[in-house]
Amino acid sequence: MKIPRLRRKIDEVDSKILSLLNERADLVIEVGGEKAKANMDLHVPQREEEIFTRLIHENDGRFPGRAIRPVFREIISACRSLEGPLKLAYLGPQGTFTHLACTRRFGVSAHFVPVATIGDVFAEVEKGNVEYGVVPIENSSEGVVSHTLDMFVESDLKICGEILLEVSHSLLAKSGDLRKVKRIYSHPHAFAQSRRWLGVNLPRVPLYEAPSTAAAAELAAKEPAAAAIASELAANLYKLKVISRKIEDSPHNFTRFLIIGQKTPPPTDRDKTSLMFSIKDRVGALHRILEPFAKHQINLTKIESRPSKTKAWEYIFYLDIEGHAAEEPVKAALSTLQEECLFLKVLGSYPRGRSIEAVESR
């Protein structure tokens, strides 16, 4: 039989991979020492993206291209932890969609700190307790997370990056039996995203809101007749059985997260800039605000408005544009924009997020 011989060759290859991983770890430690001497940041997000892009481009063998990013993400995460743990605050508890987004972006070797509110995430970064924070900003079916937008009015933190995840919900319970479900817990967004499935399969079962899908799973774990709409990660954490998978109404359900920190990343070839502003109340004001972007051929990818909370009928606008604030076309547009605004604040320029592999639930 060829199998024993082939397996021995696989073992030999695995040993070589392990040796190379240790060689990589030694080099990372050496780079970390040089960074410390030069007082440079240990974590450089754009460098990681350069590695992923190069390896995907160089891959001409049978190893699946879609697997390169998750495999090397964990290798990079593990090696980075040798320089010192990268600390991140996120909207907890464990098992939430935000937690999943953190692990998918930074790898499991980072140190994740769950906190109770979006405001707490900002506070942890502002105090210097963590390097970055991760907060939800919008969902493709439910729209923006208003509290996250409002936090930027007072905070001086910068948006350093974004994470895009495709989300799939599951119905979980201790029994694993749909017929035994008498109440359901979940976050309001999960209920809204699964409304059609619930109406068909559990039309008379009462729904109870929870602070997060992970908190819903924890509640369901304590009640034999309860179920939760949550992630399969939450099912593992709270020892629940999956009754049904993919119960969301839309097959293209994405949530976007922002990575917040103290510094703005340098330009790359695929950046986005977020800003907020308040405009003078006069005819054609919004048209004049948007005109500089058209003049300099800058694409707008998002515009939102929120009440200012300081004056009745006064609004703050949030805008996402393509390009980096350090680039000349964007600088020129922002300079013109400043003249038309009551105030203007650049929230950050950062690499545009790529769609990462699908994860389950929020």
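A charge is taken to sit over a ring if NZ of Lys or CZ of Arg is within 6 Å of the ring centre and within 35 degrees of the ring normal. In the predicted model described here, this arrangement is found for Arg105, whose charged end sits over the ring of Phe106 at 4.8 Å from its centre. Both residues belong to helix α4, which spans residues 97-106 and is mostly covered, with ten of its ten residues buried. The buried set comprises Phe97, Thr98, His99, Leu100, Ala101, Cys102, Thr103, Arg104, Arg105 and Phe106. Helix α4 is followed by Gly107, for which phi is positive, near 80°. A cis peptide bond, with omega of about 5°, joins Gly92 to Pro93.

Helix α5 contributes a further group of covered side chains. Its buried residues are Ile118, Gly119, Val121, Phe122, Glu124 and Val125. The elements against which these buried residues pack are the strands β1 (87-91), β2 (111-115), β3 (132-139) and β11 (254-261), together with helix α6.

A pair of aromatic rings is described by the distance of the centres and the angle of the planes. The search of the whole structure finds five such pairs. One of these is formed by Phe122 and Phe152, which are arranged edge-to-face, with 5.2 Å from centre to centre and 80° between the planes. This pair links distant parts of the chain, since Phe122 lies in helix α5 (residues 118-126) and Phe152 in helix α6 (residues 146-154), 30 residues apart. Phe122 counts as buried because its relative accessibility is 0%. Phe152 is likewise buried, having a relative accessible area of 1%.

Another aromatic pair is made by Tyr185 and Tyr208, whose rings are tilted, at 5.7 Å centre to centre and with 40° between the planes. Tyr185 is located in strand β7 (residues 183-186) and Tyr208 in strand β8 (residues 207-209), so the pair ties together parts of the chain that are 23 residues apart in sequence. Tyr185 is buried, with a relative accessible area of 11%, whereas Tyr208, at 40% relative accessibility, counts as partly exposed.

Strand β7 also contains Ser186. Ser186 is buried, with a relative accessible area of 0%. When neighbours within four places in sequence are left aside, the contacts of Ser186 are with Phe191, Tyr208, Glu209, Ala210, Thr213, Ala216 and Ile229.

In strand β6 (residues 170-173), attention falls on Leu171. Leu171 is buried, its relative accessible area being 0%. Apart from residues up to four places away in sequence, Leu171 touches Leu178, Ile184, Trp197, Leu202, Ala227, Ala228, Ile229, Lys241, Val242, Ile243, Ser244 and Ile247. Val242 and Leu171 are 71 residues apart in sequence, but their C-alpha atoms are 6.0 Å apart in space.

The pairing of helices α11 and α12 was examined next. The axes of α11 (residues 285-295) and α12 (residues 328-340) come within 9 Å of each other and cross at roughly 170°. Angles over 145 degrees count as roughly antiparallel, and α11 and α12 are therefore roughly antiparallel to each other. On the α11 side, the contact involves Arg288, Ile289, Pro292 and Phe293, which meet Ala333, Thr336, Leu337 and Glu340 in α12. The residues of this contact divide into five nonpolar, one polar and two charged.

Positive phi values also occur in residues other than glycine. Gln297, which is not a glycine, has a positive phi of about 55°. Gln297 is placed in the loop between α11 and β13 (300-307), and is exposed, with a relative accessible area of 75%. Lys239 likewise has a positive phi, near 55°. The loop between α10 (232-238) and β10 (241-245) contains Lys239, which is exposed, with a relative accessible area of 69%.

Notes
Residues numbered from 1 in each chain as written. Predicted model: local features only at pLDDT ≥ 70, side-chain atom pairs only at ≥ 80, totals over all residues. Heavy atoms only, no water. Axes fitted to C-alpha atoms, helices over the stretch in contact; angles between N-to-C directions. Helix = DSSP H or I, 4+ residues; strand = E, 2+ residues; numbered from the N terminus. Parallel < 35°, antiparallel > 145°, perpendicular 65-115°, else oblique. Contact = heavy atoms within 4.5 Å. Nonpolar A, V, L, I, M, F, W, Y, C, P; charged D, E, K, R; others polar. Phe/Tyr/Trp six-rings, centres within 6.5 Å; stacked < 30°, edge-to-face > 60°. Buried < 20%, exposed > 50% of the residue type's maximum accessible area, 1.4 Å probe, protein only.
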